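Welcome, and please open your viewer for a short tour. We will go from one selection to the next and look at what is there.

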Amino acid sequence: MDLQTITYLVVGASFALYIGIAFWARAGSTSEFYVAGGGVNPVMNGMATAADWMSAASFISMAGLIANFGYGGTVFLMGWTGGYVLLAMLLAPYLRKFGKFTVPEFIGDRYYSKGARTIAVLCLLVASITYIIGQMTGVGVAFSRFLGVTKEMGIYIGMGIVFMYAVFGGMKGITYTQVAQYCVLILAYTVPAIFISLNLTGNPLPQLGLGGDFGGEPLLAKLDQVVTDLGFAEYTTSFRGSMLNTFSYTVSLMIGTAGLPHVIVRFFTVPKVSDARVSAGWALVFIAILYTTAPAVAAMAKLNLHATVNTAVKTSGDLFAAENSIKYDERPDWMKRWEVTGLLKFNDKNGDGRIQYYNDKTQNEAVKAKADAAGWKGNELNVNADILVLANPEIAMLPNWVIALVAAGGLAAALSTAAGLLMAISSAVSHDLIKGVFNPEISESSELLAGKVSMALAIVLAGYLGLNPPGFAAGTVALAFGIAGSSLFPAIMMGIFSKKMNSEGAMAGMLAGLSVTLFYVFAHKGIFFIKGTEFVDMVGGNNGWFGIEPNAIGTLGAIVNFAVAFTVDKFTKEPPAHIQALVESIRVPKGAGAATGH
Amino acid sequence: MQDSNGYWAATLGLLSKILVVWFLVSYVAGILLAPMLNNFHLGGYPLGFWFAQQGSIYVFVALIFYYTKKMGEIDRQFGVEED
């Protein structure tokens with residue numbers, strides 16, 4: 001059977017599974033629709049959270065990013081896992097005890113203010129919508145690469161699938177499809193990784209293989225040596241900007257992770273407070289399987305690529321000797337296949353019919369001199385970072401069904417995250433805005449209908465944005481973390497850990513944190529990302545504040561949020577007694593009932 | 001009557017202990033001291049790099065399960081566990 005047929009079969013089977021689950025897990029009440037009836041097993045919830053969490057970007061792009069940045073890729077690895085420690089200890093169990101349906105609902109009740117709730121809805125919508133644009137484009141890209149349909153068609157198919165289980169099943173349908181999607185995506189990620197690790201190091205566990213030997217010397221030492229010899233930065237030590245920037249970026253991703261509403265609400269679906277605690281642990285176990293494999297895939301695929309185009313890598317011979325660069329005509333089949341997609345490009349600058357892959361912009365004079373002496377006229381191979389994961393099974397010469405599995409895995413990752421975000425968006429609209437602010441008297445069946453209609457509209461909006469991505473689509477995901485970390489995370493945390501924090505303080509804090517973050521990001525990328533409206537001079541040039549990238553500014557936003565909140569709190573009157581009693585009661589597990597909307 | 005102050009103090013004590021470890025493995029070993037730790041090796045891994053891309057994640061997982069276990073004990077000690 002040819003690859004295309006197998007891919008259609010495997011992807012088709014996975015879709016049939018999701019739809020089957022959707023049919024079985026229809027939601028009949030608002031409790032089922034918002035929080036899956038509050039009866040999800042904590043291990044299952046951990047798996048669903050992992051699928052919710054790991055997006056198309058985690059699955060397809062992260063290993064490539066790490067391969068590019070080397071040590072610098074650490075910010076994503078630690079940032080997107082360390083946040084779960086914060087979530088497990090500082091937020092999840094207390095919000096579960098509070099026992100309502102949404103994050104803005106907690107903020108509204110705790111700060112006894114519809115204003116606070118509305119600000120929280122606003123932060124949630126901005127964070128979730130920016131995040132979902134990336135997912136929808138990811139769905140389109142995944143479909144077009146794997147199934148050979150157009151991106152537009154891919155987005156329509158994706159919308160159709162999500163529609164079936166999200167509109168009818170709500171959180172219940174989403175939860176159980178996410179469990180299935182996790183299984184598909186983790187299998188798809190680890191199988192090729194095990195084989196590439198076996199090929200290169202003889203160790204089947206990628207986590208150990210990365211610390212193992214390649215041809216008699218440590219793999220990482222070999223990689224460091226090869227890339228520096230070719231003029232690239234040393235793999236294991238190159239920082240991302242300054243140490244302060246690395247630090248700040250990691251903090252920003254961690255608190256953003258803990259503050260993202262679509263992740264927090266997953267912990268409203270388990271029966272008890274103690275389940276919320278342990279469920280966060282399971283979520284991180286399932287996430288860590290992929291996140292500890294990714295750096296191995298990154299380093300191994302990078303070394304493998306160098307070894308493929310330059311035979312001196314394996315023999316430890318002279319990288320610059322003419323005969324060691326492979327002839328273009330003799331390149332392996334997988335390179336030919338990926339050239340068609342444009343993700344791999346060859347340009348024979350010196351006309352010798354061989355591929356020279358090195359950093360022609362290096363500052364290292366010795367490397368320059370060697371390249372000149374060898375008659376190299378510039379780097380001839382351009383590799384899109386996504387290739388490292390997408391082409392991995394082909395590079396490792398795995399059977400076609402594994403390649404098909406990777407396709408299903410990439411789609412599972414994109415669809416599961418999109419569904420989780422859609423859930424957060426639609427419940428913010430139907431529960432927080434319609435029921436909470438505009439029409440508190442709405443009946444349960446009308447609210448359920450409103451929830452389903454909001455979900456359907458959210459899918460259409462997401463699809464529209466995926467089809468017509470605003471110019472700023474790239475890089476918006478990082479902004480979602482900045483917003484969640486600088487506005488929602490501090491507000492929720494103070495709501496639990498500071499009994500005296502009042503409504504004025506929390507609102508001023510959220511607005512200040514959000515403003516600082518948006519100000520710095522807009523200064524670099526334009527007001528609301530409109531090209532030409534950048535005002536980077538006002539912040540002292542590119543990365544003007546302490547050399548921190550705009551994606552890492554959420555940390556400063558959070559500090560400002562805390563500072564403003566405590567200052568305002570000091571000069572305004574303390575919260576009423578019943579609110580202080582509410583804080584007392586959410587701090588202890590005893591007496592947690594099922595999540596309710598009342 | 002529950003001793004809610006005692007319970008909350010015990011909880012905060014546990015959280016502080018865990019957050020110190022959390023900070024040490026990620027920000028100290030994985031970032032601030034990483035260049036220095038890279039002079040040591042764990043198998044083929046430079047140690048600072050290992051903390052940054054592997055070790056810190058394993059410790060995060062262990063910390064959450066440790067927290068879950070200890071919180072369960074504190075809940076029972078103060079009689080505020082769920083039924």
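Start inside chain A of this predicted model. Select helix H8 (residues 151-201) of chain A together with helix H20 (residues 444-467) of chain A: their axes lie 10 Å apart and the two pack at an angle of about 165 degrees. An angle over 145 degrees counts as roughly antiparallel, so H8(A) is roughly antiparallel to H20(A). The crossing of H8(A) with H20(A) is right-handed.

Now show the side chains of this contact. From H8(A), pick A:Glu152, A:Ile155, A:Met159, A:Val162, A:Phe163, A:Ala166, A:Val167 and A:Gly170. Facing them from H20(A), pick A:Gly451, A:Lys452, A:Met455, A:Ala456, A:Ile459, A:Gly463, A:Gly466 and A:Leu467.

Next, bring chain B into view. Where the chains meet, 43 residues come from chain A and 37 residues from chain B. On the chain A side, select helix H5 (74-98), helix H10 (219-229), helix H11 (243-259), helix H13 (273-309) and helix H24 (577-587), each of which supplies at least two residues. Which helix gives the largest share of that side? Pick H13(A), with twelve residues. By type, the side of chain A that touches chain B holds 24 nonpolar, 13 polar and six charged residues.

Last stop: colour by confidence. Chain B has a mean pLDDT of 93, with 98% of its residues at 70 or more. For the complex, the predictor gives an ipTM of 0.96 and a pTM of 0.92.

Terms used. Residues numbered from 1 in each chain as written. Chains lettered and ligands numbered in written order. Predicted model: local features only at pLDDT ≥ 70, side-chain atom pairs only at ≥ 80, totals over all residues. Contact = placed C-beta atoms within 7 Å. Helix = DSSP H or I, 4+ residues; strand = E, 2+ residues; numbered from the N terminus. Nonpolar A, V, L, I, M, F, W, Y, C, P; charged D, E, K, R; others polar. Axes fitted to C-alpha atoms, helices over the stretch in contact; angles between N-to-C directions. Parallel < 35°, antiparallel > 145°, perpendicular 65-115°, else oblique. Left-handed = near helix turned anticlockwise from the far one by under 90°. pLDDT = per-residue confidence, 0-100.
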